[in-house]
Amino acid sequence: MVKNKKELPQEPSESDDRVVLHQFQRTKTCPNMSPFCVKVEAYLKLHDIPYTPVYSDETSDAPYGKKPYIVHLRKKIADSTSIIAHLSNHFKITMDAHLGIQEAATALAFQRLIEEHLYFVGVSETFVQDHGWSKLSSSYATGPFRFLAKPKLGMMRRQVRTAVQGQGIGRLPFTEAIDRAKADLQAISDFLDDKTYLMGEEISTVDLSLFGVVAATVYTDFSPELAAAIRDHANIMEHTERLMESLFGDYEKIAKPKREEIDADVSKMNLSKTLSRRGINRQSKVPDEESAPQIPESTVNGPKEEEKEESKAEE
């Protein structure tokens, strides 16, 4: 974690190919809460491009006021798609060269679906819905200076809420937004089928888009309903876990226990909702053995041997 200017890495010289990746702080369970930070770092790792990560939640120095952005050859480049295009051109990487014209068109359509629709459902749940916001804000507003975080968090929520409402998803009732996300996920799952990657057995850029959004959703607890919808698709989870293990292997081992806690919390939340819909109070006590209605043993285990003998005698 970068805490002050003295710890900042020196910017590479114009002749140095090292990339400086500016991104948000890591979380305890995922390389980054931003899908696009995960996407860019995954690209750098996948192609063994030397880079130096810089972690900060400050965006005032970022082009477009967003992260990630990179500094490369003394130039700032923002937006994950633009970053990858720049790196691909500079390092002569042809990640999607194996795609035909129609396959490339399909991959682009899925990238837009993932990054410009599915992603915004998660943003809406985190920043617009109170249950998501309470989780995010509580994770930030800790420590001795938490009183300083509260007004900044409030301003951040207002800004993001305005953006997601402008995009459109934030204006929908959340039940409708999550239904649309489920349709997105079903389309992705159907197309992925039993393939290793979306476009076949060779990885493409669109796989990093999917990986970023899924990892930043299911490996944090800020969008629990979207995370639960994603987990309903085993092939999408296998796709994500495969890339997490191969690209962020060390982080996978560190974060896995905490993610299991999140999964357990999400399961409890879903159980509570199910019971609530059925009108069952989860706090009610389970009857103990003495007060519980007694079930005749024959109902459970079948008739006893003596009963069978009596039955034969009667016949």
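Residues are numbered from 1 along each chain as its sequence is written, and side-chain values use heavy atoms, with hydrogens and water left out. In this predicted model, local features need pLDDT of at least 70 and side-chain atom pairs count only at pLDDT 80 or more, while totals for chains, interfaces and linings use all residues.

Reader: How many residues does the largest nonpolar core have?
Author: A nonpolar core is a set of buried Ala, Val, Leu, Ile, Met, Phe, Trp, Tyr and Cys residues joined through side-chain atoms within 4.5 Å, where buried means under 20% relative accessible area, exposed over 50% and partly exposed in between, using a 1.4 Å probe and protein chains only. In the largest one, the residues with the most contacts inside it include Tyr 43, Leu 87 and Phe 211. Apart from it lies another core of 6 residues, among them Val 20 and Tyr 69. The residue count of the largest nonpolar core is 64.

Reader: Is Phe 211 buried or exposed?
Author: Phe 211 has its place in helix α7, helices being DSSP runs of H or I with at least four residues, numbered from the N terminus. Its relative accessibility is 0%, and therefore Phe 211 counts as buried.

Reader: How many Å apart in space are Phe 211 and Leu 243, C-alpha to C-alpha?
Author: Leaving aside neighbours within four places in sequence, Phe 211 is in contact (heavy atoms within 4.5 Å) with residues including Val 38, His 239 and Leu 243. Phe 211 and Leu 243 are 32 residues apart in sequence, and their C-alpha distance in space is 7.3 Å.

Reader: How are α7 and α9 oriented to each other?
Author: The axes, which are lines fitted to C-alpha atoms over the stretch in contact, with angles from 0 to 180 degrees between N-to-C directions, come within 9 Å and cross at roughly 95 degrees for α7 (residues 205-218) and α9 (residues 234-247). Angles under 35 degrees count as roughly parallel, over 145 as roughly antiparallel, 65 to 115 as roughly perpendicular and the rest as oblique. The two helices α7 and α9 are therefore roughly perpendicular.

Reader: Which residues does Ser 209 touch, not counting residues up to four places away in sequence?
Author: Ser 209 lies in helix α7, and at 3% relative accessibility Ser 209 counts as buried. Beyond those sequence neighbours, Ser 209 touches Lys 39, Gln 111, Ile 114 and Glu 115.
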